[in-house]
Structure formats: structure tokens, C-alpha cells
Amino acid sequence: MTSRPHMKDPERLTDEPGDKAGQAGPRKVFVRTYGCQMNVYDSERMTDVLAKEGYEATDTVEDADVVLLNTCHIREKAAEKVYSELGRIRKVKDERARSGKQTMIGVAGCVAQAEGAEISRRAPVVDLVVGPQSYHQLPGLLNKAKNGETVVETEFDIDAKFDHLSQAADANPVRRPPAAFLTVQEGCDKFCTFCVVPYTRGAEVSRPVQQIVAEATRMAAAGVREVTLLGQNVNAYHGDGPDGRTWGLGRLLRHLSEIDGLDRLRYTTSHPRDMDDELIEAHRDLKSLMPYLHLPVQSGSDNILKAMNRRHTRDDYFRLIDRIRQAAPGIALSGDFIVGFPGETDADFEDTMDLVRRVGYGSAFSFKYSPRPGTPGANLADQVPEEVKSARLAELQALLSAQQRAFNDSRLGMVCDVLLEKAGRQPGQLVGKSPWLQAVQLDAPKELIGTIQAVEIVKIGSNSLFGRLTDGQDSAESYAPDLKEVAFDA
Ligand code: SAH
Ligand code: SF4
Ligand code: F3S
């Protein structure tokens, strides 16, 4: 089928590849991704949708006929980055225009959803603003924008999104890197008082089990060995199962662990309130479920947890960590922390330090509270001064770094499975991931990319571990000591 700009066909992106006067070869799309893993996943799906229309991905913005910024709104700094990037891209667009080339600029992601038309007012260079639930409509939207009007699409229609995006991936089977993300749940109903996500991603929606299984199976066939299931509250997953019942995340993981070739499963991000028994048991039982859990707590103070609307106490969190560690003793815990939420006193902050000391994290992310427009926290009276936030963040990060270092040091001399993902910086070197999500560098032939190897950890660096291939048994038993046969009964 051929279509032209003047023909009304929203499903096609104007011209066929290469048939525009003065432009040879396939048209190209450049996507830059900010923010969380869900944006990484969405960017890949946008690339799939455009590939179906004949677009090739490029990592050189100067070559791109379409530039998409997939943005993040979580903190002020993240949101502001977009505008400085748009300034740089405008220059490229002007330069390309001088040689007769059109460049369409789209802003996608959470800033698009939160700011909508305001973006094109502030940055008139933008041709298209598209929220996270509308990516399946990209071809039609770009088509519209080509006719000169700025297009803004921020509707929530998540079911349509996943139906269409799955079809686009089917139409464009390509070999995938060994580790991939798979969104199973999107949106959030929790409304923590600091957070924009319920507004930018909408209400919690879970994809049906069969759709996820089909996508995971397709990924495995395309060379993926490790899948990380994604959701803003991934452990609140409650999707329609093939048996007509609602499945939780534990059950879904059990089912996915049966797929041939998918040797490793992970999931992120979890909320402490949604860690149910079935999920904890999955950590006990499933060899392919990696011994790593990102379980953000944000604060160790009951006052602040309450003000944040987290709806659990520090003791609830300690009890939960105990249950998880009982089920999966070797598990590495990770978390997110916010310092300087409005009203946070020195004593509240000390409670956070105390919680961190008691739990002991393998890794963690920590942030200064950033008041976000439209969230309840932004309107609270006793905002914490910037210098107090900075001092608290430095103190917390020193403790978390020391814990991370100690955790990494404890791997020295261990033999563990490493999924080799890509070439390293030095020739002859590959980089992979340990079961505990640490980067591991080692000398190995590139033919081993996409395989899981038993690796002895021989040195601990500041950002990664260094290993060497062993020819012995792998260490699977050391992190899944109580391996059980899992029967799938649906
Ligand atoms: N759904 C996840 C978190 C998603 S946002 C959860 O419930 O834990 C990722 C992290 O960004 C949060 O865990 C929080 O630590 C941080 N964050 C979110 N809003 C923030 C804000 N306004 N200021 C600073 N950090 C924030
Ligand atoms: Fe944001 Fe809270 Fe929802 Fe996490 S649970 S996405 S922090 S509102
Ligand atoms: Fe950012 Fe949106 Fe993810 S605000 S953290 S890109 S859900």
C-alpha cells in the first residue's frame, strides 16, 4: 500500500520509506529516554510501531526525520532537562531545514501527560505532544502534525495501547538483547502525597495473563534470557488469568518461569503493602526468580510515612523484611528514600538512618524531596530548607554507599551465574549481571553474549564487580537453596 501526505490515512506515516523528494533511504527515528524502566520499555514499543511504518532507529539525532523525547516528571530536575534538550534539538532541526529536510519533534512520556499543550507554548519547536497511553496512535498523530498543526494527545486508553503495541512487535520480529523489560501493570492508585505518577500514568491497570505470556514467549524466541516485569506498583498486579480468575504477581511469575529459554525473572517496582504470601513464596520456590528485591520505603519515620500517605508503619516494614528473608535468605534488598519531605525533623531523619542500619541494603536510590505541582505535598506548610535536605542526603548516601560496598565485598571469591549481556569497554571484555543485579565485567569471547556462565568474582570495583569464567558447576544452589519442582496448574 502506498500513501501520500494528502491522502487521509491515519494508519500510515505519510510517504513510503524513501519516496520523499530529496530523501534517499529509509526514514529514521531517534528516541531519547529519560526516567524509569517503563519509559525504556515504552521507547522500544514506539520504535516497533514506527518500524512497522518503515522507520529505522538511529542514535544520531542529526540523521533523524522524527525525534522523540520520552520524558520523566518525577522531580523538577528531570522535567526541566527536557527543555534544555529541546533547545539543542531546535538547532539540529534548523540546520536540517537548510538542506531541505523536515524534522518532526515529539515529546512523549510523563512531562507530555502532565504539561500537555503547555509544552508547545514554552517550546514552539515541538510538533507533537503524546502521553504514555497513546503511543499506539503515533503514526496517525505524526501524520496530522506534518500538516503544520501542533498535535496534543493525552487521553488514557491503556487497553488499546497494549493491544496495538503487541501487534506492532509481532509485525517486526527482531533479535532482542538478552535482558529485556516487559510492562505488566501500569498506573497507580496509591497517591503518595509527594508523587506525580498517579496523575501522569493514570489508574492502576493490569494486562491479561495471556497477553503477557505471549509477549514473554515472543521475547524468549527473540533471544531474551532475562525478563524484568514492570509496573509502577508491579506487585499490585491483578490480571485476568486464562482460568477466568484474577492472578496476582506470584502466580504470574510461577507461570512465566515455565517458559523455555526464560532463565531469569525480576520485577520492579514494588510497594510494601502489596507483598503478599504468594509472591514471597515465589521467592522461596522459583530458581529463575532472581534473589533481588527493590522495595522502596521512602522514610523510616512513622510521622513522615503517614504524611506521605504510604499507609504502613516502620514496624510493618521490618516485619515484612523478616518474612522475605525467612523465605529467601540470600536476597539482596534495594530501596528508594526521600529526605526533606515537608515537616521532616532531625528525629524523623534519624529514624530513616536507623531503619537503613537495621535493614541493610545491597543498593539504594535516595533523593531530596522535590515539590511537584498538583501533588498534596507541594502545598504543605513546613517545607524543609534546601541546605538541610542536602546535608541529610549526604549523610544518608554515605551510609547507603557503605552498605553497598560491604554487600559487594561479600561477593569476593564467590562463584555465581552471570548473564553476559554485551561487549565491555576494553576489547575482549564482556559485561553481564550477577543474580543480585550487580554489573560484572570479565574477559570472555563475544560468542558468549546471551549465555549464562559460572563466574568467580575476583575483584570489587566501585561501580561493578570483576570476574573470571570458571569451568566448574554454577552456583545456582547457593542462592536458591530450597529448590522445588513447580507445577503449573492452569
Ligand atoms: N512506585 C514506586 C516509586 C515510583 S517513583 C513506589 O511506590 O515506591 C521512584 C522514586 O522516586 C520513588 O520511590 C521516590 O523515592 C522518588 N520520588 C518520587 N516522587 C518524588 C519527589 N516528589 N521528590 C523526590 N523523590 C521522589
Ligand atoms: Fe508514586 Fe506512591 Fe504510586 Fe509509588 S505508590 S508510584 S510513590 S504514588
Ligand atoms: Fe518518571 Fe513517569 Fe517513570 S514520572 S519515573 S517516567 S512513571
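A residue is taken to be near a molecule when one of its heavy atoms lies within 4 Å of that molecule. By this criterion, 16 residues surround ligand 1 in the predicted model, with Phe194, Gln232, Gln298, Asp336 and Ser370 being the closest. Because the structure is predicted, local features require pLDDT of at least 70 and side-chain atom pairs count only at pLDDT 80 or more, whereas totals for chains, interfaces and linings use all residues. Residues are numbered from 1 along each chain as its sequence is written, chains are lettered from A and ligands numbered from 1 in the order in which they are written, and side-chain values use heavy atoms, with hydrogens and water left out.

The protein contains 15 helices and 21 strands, assigned as DSSP runs (H or I, at least four residues, for helices; E, at least two, for strands) and numbered from the N terminus. Of its 490 residues, 54% are buried, where buried denotes under 20% relative accessible area, exposed over 50%, and partly exposed the range in between (1.4 Å probe, protein chains only). Among contacts (heavy atoms within 4.5 Å) with a separation of 6 or more, 71% are formed by residues 24 or more positions apart.

The shell around ligand 1 comprises six nonpolar, five polar and five charged residues. In this classification Ala, Val, Leu, Ile, Met, Phe, Trp, Tyr, Cys and Pro are nonpolar, Asp, Glu, Lys and Arg are charged, and the others, Gly among them, are polar. Polar contacts are pairs of N or O atoms within 3.5 Å; within protein, one atom must be able to donate a hydrogen and the other to accept it, and residues adjacent in sequence count only if both atoms are side-chain atoms. An oxygen atom of ligand 1 is placed 2.6 Å from a polar side-chain atom of Asp336, and an oxygen atom of the ligand is 3.2 Å from an N or O atom in the Arg310 side chain. The backbone also takes part, with a polar atom of Phe194 located 2.9 Å from a nitrogen atom of ligand 1. Taken alone, ligand 1 exposes 540 Å², of which the protein buries 90%. Strands β15 (332-339) and β16 (363-368) are the elements that give two or more residues to this shell.

Gln298 is buried, since its relative accessible area is 7%. Its phi is positive, near 75°, although the residue is not glycine. Asn309, in the loop between α11 and α12, likewise has a positive phi, of about 60°, without being a glycine. Asn309 is partly exposed, at 27% relative accessible area. Most residues other than glycine have a negative phi, and most peptide bonds are trans. A cis peptide bond, with omega near 0°, links Thr268 to Thr269, and Thr269 is found in the loop between β13 (264-268) and α10.

The residues around ligand 2 include Cys188, Cys192, Cys195, His271 and Arg310. Its shell consists of seven nonpolar, two polar and two charged residues.

Helices α10 (residues 277-285) and α12 (residues 314-327) pack at about 35°, their axes being 8 Å apart. The axes are lines fitted to C-alpha atoms over the stretch in contact, and angles run from 0 to 180 degrees between N-to-C directions. Asp277, Ile280 and Arg284 of α10 meet Leu320, Arg323, Ile324 and Ala327 of α12. Four of these residues are nonpolar, none polar and three charged.

Helix α5 (residues 138-146) is largely enclosed by the rest of the structure, because eight of its nine residues are buried. These buried residues pack against α1 (37-51), β3 (66-71), β4 (104-108), β5 (128-130) and β6 (151-153). Gly148, which follows α5, has a positive phi near 105°.

Gln438 occupies the loop between β18 (429-433) and β19 (439-443). Gln438 counts as buried because its relative accessibility is 9%. Its side chain forms polar contacts with the side chains of Asn408 at 2.7 Å and Ser434 at 2.8 Å.

Notes: Areas by Shrake-Rupley, 256 points an atom, 1.4 Å probe, with all protein chains shown as cover.
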